[in-house]
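Take a walk through this protein chain, one part at a time. Keep the sequence and the 3D view side by side as you read.

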Amino acid sequence: MNKATNRKQDALDYHADGRPGKIEVVPSKPTNSQRDLALAYSPGVAEPCMEIYRNPEDVYKYTAKGNLVAVISNGTAVLGLGNIGPAASKPVMEGKGLLFKIFADIDVFDLEINATTADEFVNVVKALEPTFGGVNLEDIAAPMCFEIERRLKEEMNIPVMHDDQHGTAIITSAALLNACELQHKKIEKIKLVVSGAGAAAVSCIKLYLKLGVKKENMLVFDKDGIVNTDRTDLDPMRMEFATPRKDISTLAEAMKGADVFLGLSAANVVSVDMVQSMAKNPIVFALANPDPEIAYDLAINSRKDIIMATGRSDFPNQVNNVLGFPYIFRGALDVRATSINEEMKLAAVRAIAELTKLPVPEIVHLAYKAKNLKFGKDYIIPKPIDSRLIGIVSTAVAKAAMESGVARKQITDWNAYQEELQIRLGADDKILRNLASKAKSAPKRVVFAEADNYKILKAAQIVKDEGIATPILLGNVTKIQKIILEHGIEFGEVEIIDPWQGTEESDKFADHLFQRRQRRGITLYEAKKLVRDRNYYGASMVEFGQADALISGLTKNYKSTLKPALQVIGTKPGVKKIAGMYMMLTKKGPVFLGDTTVNPDPTAQDMVDITGMINETIKEFNITPRIALLSYSNFGSNTGSVPDKMRIATALLKEKYPDMIVDGEMQANFAMNAELLQSNYPFSSLKGSPANTLIFPNLESGNVAYKLLQELGNVEAVGPILLGLNKPVHVLQMDSSVREIVNMITIAVVDAQ
């Protein structure tokens with residue numbers, strides 16, 4: 001069986017296995033009891049019905065209309081498959097609905113309709129207006145699609161967009177702005193050649209004209225040749241772009257001296273010679289799918305000064321409509337826009353273009369197995385999985401709708417709106433954003449003990465670029481500089497120290513270590529050897545104020561990283577036990593777990609000390625701790641050394657910290673389910689809301705819990721956050737991701753502040 005056959009069968013199996021198709025409808029309200037059902041349907045449903053009857057706008061308050069988009073097609077121009085009819089187009093429309101949901105949390109009903117004329121199509125869709133908050137038209141043949149969209153926009157009072165036209169136009173417009181900037185071309189002066197005159201090409205041309213491209217500098221070709229004023233076979237919409245020039249008749253002639261080529265036509269219509277005949281620093285958007293107008297490799301090998309984009313994901317600069325339509329509709333829905341107008345489309349263009357110039361998140365690097373994506377010839381538009389798109393593009397669109405007068409709802413708190421958008425994707429990292437803002441308010445010097453590692457260097461670059469910290473790199477200077485050069489990491493000025501070579505500070509550091517440990521078996525000679533170790537040297541820098549925090553542990557086990565910090569820096573006054581805490585970022589908010597890394601079997605008094613430190617640390621994050629001491633027992637339901645210990649610790653905590661919100665011993669499900677706790681143990685001081693801080697009886701249970709959550713619960717772990725040391729030292733998980741390292745650096749800076 002060849003690869004093509006395998007891919008075909010894989011695709012068929014994907015759509016057929018299990019529950020057929022790709023989408024389903026799920027309830028958004030409780031349905032567990034008879035009371036729930038009575039409220040959801042008869043008789044309770046009559047109440048919202050009457051409220052909407054009295055005030056039609058309340059349909060947005062009591063129903064899903066405000067987050068519901070119809071993806072509608074008659075199947076007359078499906079992908080590269082042509083007119084295959086409405087039923088055969090359904091897998092595509094389901095797929096479009098899937099993209100709406102995963103990228104922007106927009107619910108979709110896909111509607112495939114038997115409508116072969118514009119009148120039939122318009123009448124069906126108009127009749128559906130009460131149901132939907134917006135309409136995405138899809139895969140409708142030109143020129144009928146132009147009339148359908150025009151009439152629906154005129155006659156409906158909700159956003160309507162034919163994505164095949166405008167999605168491509170918006171994404172290529174953003175790419176064009178950025179490519180012109182990189183190629184030092186003024187958009188109003190570029191000579192543009194367009195191959196293709198279908199719906200997408202026409203929409204691209206219209207939007208390019210609004211960006212400043214001059215009509216007289218444009219030549220358009222369709223399957224029958226150049227679109228000029230002699231043509232009598234074209235509709236008025238295409239004739240708007242007809243050139244009066246008679247000296248050019250072929251695509252090859254038009255390409256000579258052209259600055260930009262836009263292809264939305266057919267494979268292999270452009271040759272290497274044609275690309276070589278273009279002007280200096282050419283821009284080529286060859287977007288025919290699956291095979292472009294000229295193969296990517298042929299084009300980029302034909303000349304070094306080219307910027308190339310295709311519709312394919314296996315090459316740089318993929319023009320993918322998913323960069324636009326989910327977020328355009330998201331912004332339009334959120335202000336209840338009556339339409340998607342030119343101002344909103346242009347706002348999306350500029351937002352996408354500007355996002356490309358920002359530092360690329362590490363999750364994008366990991367997904368594309370790239371090391372250092374940055375604004376340049378191979379990165380002129382963002383990658384589709386960039387989670388910042390929803391915040392930046394949707395906000396720009398919503399603002400443009402309000403400013404252009406088509407919004408029926410006003411957004412006044414844009415920060416709250418941005419947070420709402422992140423929550424929609426289950427990516428509510430508000431606490432991390434707040435910590436990052438706090439860190440940026442007073443950046444600190446962070447020393448990295450393992451700077452001969454790409455992940456550490458990349459994280460150090462990110463925090464330097466974002467103004468969170470000033471990195472100090474420890475390790476072999478030549479090796480570090482080689483990694484920086486190989487991966488294109490741009491630090492500018494950065495301090496690199498090799499402790500193994502010895503420094504002016506080494507003797508001072510060794511003497512300090514000797515004084516602290518001379519009665520613990522360390523001689524001065526051994527101390528001088530130890531401070532050549534980067535963990536000892538880094539801890540010494542923090543101790544002597546030459547750095548504000550130390551980050552280590554990526555390549556060494558926890559104990560070997562923690563020991564130098566304890567020996568050089570020691571614990572805070574009054575602290576008997578240090579502890580480790582993880583912050584787990586869940587869809588319901590952050591949950592703190594402790595002790596997960598240090599103490600194998602703490603006593604009841606140890607529990608009191610550990611919980612006290614955790615309580616104070618969480619307060620520094622502007623969160624009120626709600627603490628549950630966990631066991632396999634609920635308030636004395638079982639006896640044994642573990643529940644007894646946790647019960648005693650709870651009593652001691654309530655006595656020592658009367659204002660602390662704490663209770664135990666209890667099982668984890670009761671701690672995390674306020675309703676379950678209230679119904680069974682109404683006396684608990686945690687009633688009303690679930691716990692957000694879980695204290696485990698021993699290291700084994702805490703460690704197992706956070707690792708299971710991390711792997712099975714799709715939960716991001718931030719930590720371990722080390723508590724009790726006299727100065728900030730934080731130990732990474734072995735093999736942490738760059739994102740996890742950046743999070744720990746941020747916490748270290750806030751700790752140092």
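**From a loop to the cores**

Start with asparagine 83. Setting aside residues within four places in sequence, asparagine 83 is in contact with Gly75 and Thr76. Keep in mind that this is a predicted model. Asparagine 83 sits in the loop between β1 and α5. Is asparagine 83 buried or exposed? Its relative accessibility is 59%, so asparagine 83 counts as exposed, because the cut-off for exposed is over 50%.

Now move to valine 78. This residue also has its place in the loop between β1 and α5 (86-104). An unreviewed UniProt entry carries the annotation "binding site" for Val78, Leu79, Gly80, Leu81, Gly82, Asn83, Ile84 and Gly85.

Next, follow the chain back to strand β1, residues 68-73. Six bridges join β1 to β2, and the two strands run parallel. One example is alanine 70, whose bridge partner in β2 is phenylalanine 109. Now look at the whole sheet. It is open, with four strands in the order β2-β1-β3-β4 and parallel pairing. The edge strands, β2 (107-112) and β4 (160-162), each pair on one side only. From one strand to the next, the twist averages 20 degrees.

Helices lie across this sheet. Helix α8 (residues 163-182) lies across β3 (134-137) and β4, at about 80 degrees to β4. Helix α14 (residues 325-334) lies across β1, β3 and β4, and runs at about 160 degrees to β3.

Now turn to the nonpolar residues. In soluble globular proteins, nonpolar side chains tend to be buried together. Here, the largest nonpolar core has 104 residues. Which of them touch the most other members? They are Phe121, Ile148, Leu176, Phe285 and Met344. Helix α15 (residues 342-355) gives this core its largest share, nine residues. Beyond its neighbours within four places in sequence, leucine 176 is in contact with Ile187, Ile190, Tyr208, Val213, Val260 and Phe285. A second, separate core holds 61 residues, including Tyr454, Ile456, Ile480 and Ile745.

Finally, zoom out. The domain assignment includes domain 3 (322-339 + 350-425) and domain 5 (579-724). The centres of domain 3 and domain 5, taken over C-alpha atoms, are 37 Å apart.

Note on methods: Residues numbered from 1 in each chain as written. Predicted model: local features only at pLDDT ≥ 70, side-chain atom pairs only at ≥ 80, totals over all residues. Heavy atoms only, no water. Core = buried A, V, L, I, M, F, W, Y, C linked by side-chain atoms within 4.5 Å. Buried < 20%, exposed > 50% of the residue type's maximum accessible area, 1.4 Å probe, protein only. Contact = heavy atoms within 4.5 Å. Domains from an automatic or database assignment. Pairing = 2+ DSSP bridges. Axes fitted to C-alpha atoms, helices over the stretch in contact; angles between N-to-C directions. UniProt positions renumbered as here; feature names shortened; annotations may be inferred.
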